[in-house]
Amino acid sequence: MPADHTPVMELLHASHASAQREAPVRRGDDPACQVVLRAAKADADDGGMERLTSLALGTAVCASDLTAVLADHKNITTQQLMDELAAARRAQGAEDTAMPDLLLAMRAKDPDQAVELLGNLIAGDHDTFLDLIVEVGGYAATCVSLLAILEISPVEDTLAELAETVQQFFAGKQPPHAEATEQRR
């Protein structure tokens, strides 16, 4: 059964809504966490990991695409932007996560790198895997907001383009990374 892009878009919308709130919500009440937990419960009921894996991959496709657009806007490489983000996170005392590696793997010509990385995370620590999905969704939402702030693309337009990108990804077509970058300039 091909993956559905709807949960990915639901996560992006929930993450964007969470990012817009002034007061933080408790983790269990966070709409983005709720999307991930619903997918985890459905997977547990089915005895699989298809929904969570699709959610992780689809959200990573979006975040990776958005990272490339922002890097292009700054006239730097995606790797340089990810290095800047990792350094900023460390400076704030945040622990390193697999997110930068996942986003860079999504930009690679070999998508099996991302699948392997996710497989290792799933096998290692299920909670860390769930946290990663929420983190990538939050990061993507921040990127969507930045594109709007920088007047590159309005939120609604960016989300519509991401929906198309995820649909193409799940249909077995590579996301139009270069085209998306060109459209959002």
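A search of the whole structure finds 0 disulfides, a disulfide being a pair of cysteine sulfur atoms within 2.5 Å. The model is a predicted one, in which local features need pLDDT of at least 70 and side-chain atom pairs count only at pLDDT 80 or more, while totals for chains, interfaces and linings use all residues. Residues are numbered from 1 along each chain as its sequence is written, and side-chain values use heavy atoms, with hydrogens and water left out.

**Overall make-up**

- The protein chain has 9 helices and 0 strands, where helices (H or I, at least four residues) and strands (E, at least two) are DSSP runs numbered from the N terminus.
- Of the 185 residues of the protein chain, 44% count as buried; buried means under 20% relative accessible area, exposed over 50%, and partly exposed in between, with a 1.4 Å probe and protein chains only.

**Cysteines**

- A disulfide is a covalent bond between the sulfur atoms of two cysteines.
- C33 is buried, at a relative accessible area of 6%, and C62 is buried as well, at 0%.

- The 25 residues of α3 should span 36 Å at 1.5 Å a residue, and the end C-alpha atoms of α3 are 36 Å apart, which agrees; the expected span is 1.5 Å times one less than the number of residues.
- Helix α3 is mostly covered, with 19 of its 25 residues buried.
- N75 lies in the loop between α3 and α4 and has a phi near 60 degrees, a positive value in a residue other than glycine.
- With 71% relative accessibility, N75 counts as exposed.

**The loop between α7 and α8**

- E151 is placed in the loop between α7 and α8 (155-170).
- Its phi is near 60 degrees, again a positive value in a residue other than glycine.
- E151 is exposed, with a relative accessible area of 73%.

**The largest pocket**

- The volume of the largest pocket is about 450 Å³. On a 1 Å grid over the protein atoms alone, a pocket is an open set of points where a 1.4 Å probe fits, with protein on both sides within 12 Å along at least five of seven lines. Grid points are joined across faces, edges and corners, and a volume is the space filled by probe spheres set on the points.
- The lining of this pocket consists of 17 residues, of which L85, R89, M99, Y139 and T142 lie nearest the centre; lining residues have an atom within 4 Å of a point.
- Helices α3 (50-74), α4 (78-91) and α7 (126-149) are the elements that give two or more residues to the lining, and the largest share, 6 residues, comes from α7.
- By class, the lining has 9 nonpolar, 5 polar and 3 charged residues. Ala, Val, Leu, Ile, Met, Phe, Trp, Tyr, Cys and Pro count as nonpolar, Asp, Glu, Lys and Arg as charged, and the others, Gly among them, as polar.

**Aromatic pair**

- The structure holds 1 aromatic pair. The ring centres of F169 and F170 are 5.5 Å apart and the ring planes stand at 55 degrees, so the pair is tilted.
- Rings of Phe, Tyr and Trp (its six-membered ring) pair if their centres lie within 6.5 Å; planes under 30 degrees apart count as stacked, over 60 as edge-to-face and the rest as tilted.
- Both F169 and F170 are buried.

**Residue E116**

- E116 is found in helix α6 (residues 112-124) and is exposed, with a relative accessible area of 54%.
- E116 and A105 are 11 residues apart in sequence and 9.6 Å apart in space, C-alpha to C-alpha.
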